[in-house]
Amino acid sequence: MKYLQSIGEYFLMLKGIFGRMTKRSVLSNLIFKEIDELIIGSLGIVAFLSFFIGAVVALQTALNLNNPLIPKSLIAFAARQSIILEFSPTFISIIMAGKVGSFITSSIGSMRVTEQIDALEVMGINSLNYLVFPKIIAMLTYPFVIAISMFLGILGAYTAAVMGGFVAPDIFVQGLQEDFDAYHLFYAFFKTFLFAMILATIPSYHGYYMKGGSLEVGKASTTSFVWTSVVIIITNYIVTQLLLS
Amino acid sequence: MIEVKGLHKSFGEEHILKGIDFVFDTGKTNLVIGQSGSGKSVLMKCMLGLFTPEKGTIEYDGKAYSTFTDEQKRELRQEIGMLFQGGALFDSMTVEENVMFPLRMFTKKRKRELKERVDEVLERVNLNDSGKKYPAEISGGMQKRVAIARAIVNRPKYLFCDEPNSGLDPHTATVIDNLIHELTVEYDITTVVITHDMNSLLEIGEKIAFLKDGVLAWTGDKSQIFKTDDQTVTDFVYSSDLFKKVKEAQRQGL
């Protein structure tokens with residue numbers, strides 16, 4: 001019953017976000033600020049993780065390729081498929097649920113605790129629109145982060161495979177191009193877009209509707225991470241079933 | 001003027017406000033006092049439109065709030081200044097940006113005009129040198145003054161203050177009380193102050209509503225509250241050791 005109530009509250013929140021709009025000039029500043037905090041601020045960790053996970057995927061594949069009948073180009077093929085289809089869109093989104101999601105929940109939750117949200121409401125401002133809408137718009141640029149992650153993941157795989165002496169550069173490039181299906185990119189970016197909306201709204205919900213003091217802000221951040229991850233994983237399964245099976 | 005008529009508000013089985021009738025006068029500091037849990041904050045939140053009462057009306061200058069359209073409610077809220085208990089300043093903004101915020105949201109003035117008005121208001125609350133600081137970099141008393149500056153920057157018709165002295169030392173509390181009173185007279189605002197601070201009563205209690213268990217138990221002003229024979233009021237007022245001793249000294253003719 002409590003979960004049903006939360007789901008209902010979440011959808012009412014979504015309706016509220018697109019209610020009365022904040023003044024455009026104020027909103028545009030907020031959007032740039034959110035892009036800086038949520039997107040630009042995450043590029044470092046995304047780049048680091050993508051490069052090294054890409055490298056490890058290539059290493060693991062290379063180290064497990066003992067059969068001489070299997071072509072070495074498979075290292076690049078496996079790295080490309082795993083990075084584009086799952087690692088970059090899904091795994092990075094789970095990490096972003098921890099980084100960006102917790103940040104969103106704690107910042108909105110702190111505003112709730114210190115009556116800043118009440119202050120916005122008393123002034124006649126639609127606090128949901130003011131606080132959450134800029135985050136949604138900022139997260140529309142999230143697919144660019146995933147594109148960078150894909151590029152760096154494959155670069156990491158190339159570096160590990162070629163520099164480690166497991167495969168020649170031309171064979172690696174040939175493996176990258178093997179059986180390439182552009183539809184996979186559409187699938188990856190489609191689900192990235194859905195994950196972006198999940199990353200912007202579920203943590204906002206947990207922050208906006210939290211009750212209590214600073215201890216509860218911490219609890220709300222943890223709950224927000226758990227639920228954002230769960231919803232991302234379930235959405236990933238449904239989208240994969242619908243688009244790829 | 002704000003008039004509250006027969007106001008009732010419950011949360012589940014708990015009946016918080018049990019028919020409050022009171023007129024908050026313009027140009028006066030109207031105090032709502034009472035023990036914790038007496039319904040002061042609920043009354044204020046009903047007046048602000050944050051809670052919807054089950055029965056009764058709240059009239060702003062003769063117009064019932066319940067009959068307002070969404071647009072009228074929004075317009076009314078722009079005429080309301082609010083001083084929250086903790087200040088409720090936006091952490092991510094400087095003092096100047098906090099004070100400028102209502103102007104940026106609701107006016108189409110140029111940046112220079114906004115800056116002039118902000119400087120004027122900050123000077124009025126004696127904070128002209130703190131404009132570039134963040135709320136975390138200034139003291140609690142200064143934060144309250146910034147919150148007052150933000151509340152009055154748009155020249156409101158109504159000012160609500162929720163326990164403006166909480167967490168402040170007696171001297172700073174007096175400064176804040178006097179500032180609220182001076183601004184009420186200067187801007188001719190209807191000011192509603194929720195408090196249980198006896199010093200505030202003495203300083204600025206021009207019109208007082210005493211709530212007990214959700215009922216309006218007594219009304220009067222600061223000169224009457226210390227003379228009343230009403231037991232519920234005297235129990236509340238003289239619950240402080242200091243006031244008890246003052247009363248004892250008066251009785252003994254000291």
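What is the strand order of the open sheet of six strands in chain B? Color the strands by number and read across: 6-7-8-3-9-10, with mixed pairing. Keep in mind throughout that this is a predicted model.

**Stop 1**

Select residues 80-83 and 215-220 of chain B. These are strand 6 and strand 10, the edge strands, and each pairs on one side only. Now look along the sheet. From one strand to the next, the twist averages 20°.

**Stop 2: strands 3 and 9**

Select residues 29-33 and 207-212 of chain B. Strand 3 and strand 9 of chain B run parallel and are joined by four bridges.

**Stop 3: strand 7**

Stay on strand 7 of chain B. Is this strand mostly covered or mostly open? Mostly covered: five of its five residues are buried. Show the side chains. Tyr158(B), Phe160(B) and Asp162(B) point one way. Leu159(B) and Cys161(B) point the other way, and these residues too are buried.

Then check the partners of strand 7 of chain B. With strand 6 of chain B, the pairing is parallel, over four bridges. Pick Met82(B); its bridge partner in strand 7 of chain B is Phe160(B). With strand 8 (residues 190-195) of chain B, strand 7 again runs parallel, joined by five bridges. Here Tyr158(B) has Thr190(B) as its bridge partner in strand 8 of chain B.

**Stop 4: where the chains touch**

Show both chains. How many residues of chain B are in contact with chain A? There are 14, and they meet twelve residues of chain A. On the chain B side, helix 2 (70-77), strand 6 and helix 3 (95-106) of chain B each give two or more residues. Helix 3 of chain B supplies the largest share, three residues. Color this side by class: nine residues are nonpolar, two polar and three charged.

**Stop 5: a helix pair in chain A**

Select residues 142-163 and 169-177 of chain A, which are helix 7 and helix 8 of chain A. Their axes come within 10 Å and cross at roughly 145°. The crossing of these two helices of chain A is right-handed.

Helix 7 of chain A brings Ile154(A), Tyr158(A), Ala161(A) and Val162(A). Helix 8 of chain A brings Pro169(A), Phe172(A) and Leu176(A). By class, the contact between helix 7 and helix 8 of chain A has seven nonpolar residues, with no polar and no charged ones.

**Stop 6: Asn29(A)**

Finish on Asn29(A), in helix 2 (residues 24-39) of chain A. Why does Asn29(A) count as exposed? Because Asn29(A) has 12 C-beta neighbours inside 10 Å, and a residue with 12 or fewer is classed as exposed. Now draw a distance from its C-alpha atom to that of Pro134(A). The separation is 9.0 Å, although Asn29(A) and Pro134(A) are 105 residues apart along the chain.

Note on methods: Residues are numbered from 1 along each chain as its sequence is written. Chains are lettered from A and ligands numbered from 1 in the order in which they are written. This is a predicted model: local features need pLDDT of at least 70, side-chain atom pairs count only at pLDDT 80 or more; totals for chains, interfaces and linings use all residues. Two strands pair if DSSP finds at least two bridges between them. Axes are lines fitted to C-alpha atoms, for helices over the stretch in contact, and angles run from 0 to 180 degrees between N-to-C directions. A residue is buried if 20 or more other C-beta atoms lie within 10 Å of its own, exposed if 12 or fewer, and partly exposed in between; C-beta atoms are placed from the backbone. A crossing is left-handed if the near helix is turned anticlockwise from the far one by less than a right angle, and right-handed if clockwise. Two residues are in contact if their C-beta atoms, placed from the backbone, lie within 7 Å. Ala, Val, Leu, Ile, Met, Phe, Trp, Tyr, Cys and Pro count as nonpolar, Asp, Glu, Lys and Arg as charged, and the others, Gly among them, as polar.
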